[in-house]
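Trainee: Could you go through this structure with me before I write up my notes? I will ask things as they come to mind.

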Amino acid sequence: MFAAEIRAGSDAARVDWRSDYDALTYDVCQVPDDVRAGVLSWLEHFSLNFGAFDFAVTPAGDWVMFECNPSGEWSWIQNKTGLPIATRIADLLAEGRP
């Protein structure tokens, strides 16, 4: 499981992070155990090997899920963070996983 946080550095980006790409910073982050368990349960329930999940983290630290994109774009976040997403997907395919 790979997770990254996007931090908005302008008022416009706080409303919609896509409105001001230059004001964004990206960091790798850890997924809390309960969120990890929920994501894995979601993937299993829908028979998915992959999902690009969108969350917000409240000031109190609560993770709020917006959606799961079962074929979501991930290369841009890999490029911003260095997370080895493509390598792991290739590994899964090489293992013969559908």
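Trainee: Which residue meets Glu-5 in a salt bridge?

Mentor: The partner of Glu-5 is Arg-7, with 2.7 Å from N to O. Bear in mind throughout that this is a predicted model, and that the values we discuss are computed from it.

Trainee: How many salt bridges does the structure hold?

Mentor: There are 4 salt bridges in the structure. One of the others joins Asp-11 to Arg-14, whose closest N and O atoms are 3.4 Å apart; these two residues both belong to helix α1, which covers residues 11-15, and they are 3 residues apart, or about one turn of the helix. Both Asp-11 and Arg-14 are exposed.

Trainee: And which residue does Glu-95 meet?

Mentor: Glu-95 meets Arg-88 in a salt bridge, at 3.5 Å from N to O. Arg-88 is partly exposed, since its relative accessible area is 34%.

Trainee: Let me step back to the overall layout. How many helices and strands are there, and in what order do they run?

Mentor: The protein has 4 helices and 4 strands, and from the N terminus on the elements follow the order β-α-β-α-β-β-α-α. The C-alpha trace spans about 45 × 25 × 20 Å along its principal axes, and of the 98 residues in the protein, 21% are buried.

Trainee: What about the two strands in a row, which way do β3 and β4 run?

Mentor: Strand β3, residues 52-57, and strand β4, residues 63-69, run antiparallel and are joined by 6 bridges. Together they form a hairpin with 5 residues between them, and Gly-61 in the turn has a positive phi of about 95°.

Trainee: Which residue in β4 stands opposite Asp-54?

Mentor: That is Glu-67.

Trainee: Switching to aromatics, how many pairs are there?

Mentor: The structure holds 7 aromatic pairs. Among them is the pair of Trp-42 and Phe-46, which is tilted, with 5.0 Å centre to centre and 50° between the planes. Trp-42 has a relative accessible area of 32% and so is partly exposed, and Phe-46 is partly exposed as well, with a relative accessible area of 45%.

Trainee: And why is the pair of Phe-55 and Trp-63 edge-to-face?

Mentor: The planes of the rings of Phe-55 and Trp-63 are at 65°, with the centres 5.4 Å apart, so the pair is edge-to-face. The cut-off that matters here is a plane angle over 60 degrees.

Trainee: Which residues form the aromatic cluster?

Mentor: Trp-42, Phe-46, Phe-53, Phe-55 and Trp-63 form one aromatic cluster.

Trainee: Now the cysteines. How many disulfides does a search of the whole structure find?

Mentor: The search of the whole structure finds 0 disulfides. Cys-29 is in no disulfide, and the cysteine sulfur nearest to it, that of Cys-68, is 16 Å away. For comparison, the cut-off for a disulfide is a pair of cysteine sulfur atoms within 2.5 Å.

Trainee: Are Cys-29 and Cys-68 buried or exposed?

Mentor: Cys-29 counts as buried because its relative accessibility is 16%, and Cys-68 is buried too, with a relative accessible area of 15%.

Trainee: One last topic, the surface. Which residues make the nonpolar patch?

Mentor: Ile-6, Trp-17, Tyr-21 and Trp-76 make a nonpolar surface patch of about 380 Å². Of these, Trp-76 has its place in helix α3, which covers residues 75-81, and at 32% relative accessibility Trp-76 counts as partly exposed.

Technical notes:
Residues numbered from 1 in each chain as written. Predicted model: local features only at pLDDT ≥ 70, side-chain atom pairs only at ≥ 80, totals over all residues. Heavy atoms only, no water. Pairing = 2+ DSSP bridges. Patch = residues over 30% accessible without salt bridge, like charges linked within 9 Å, V, L, I, M, F, W, Y side chains within 5 Å. Areas by Shrake-Rupley, 256 points an atom, 1.4 Å probe, with all protein chains shown as cover. Salt bridge = Lys/Arg side-chain N within 4 Å of Asp/Glu carboxyl O. Buried < 20%, exposed > 50% of the residue type's maximum accessible area, 1.4 Å probe, protein only. Phe/Tyr/Trp six-rings, centres within 6.5 Å; stacked < 30°, edge-to-face > 60°.
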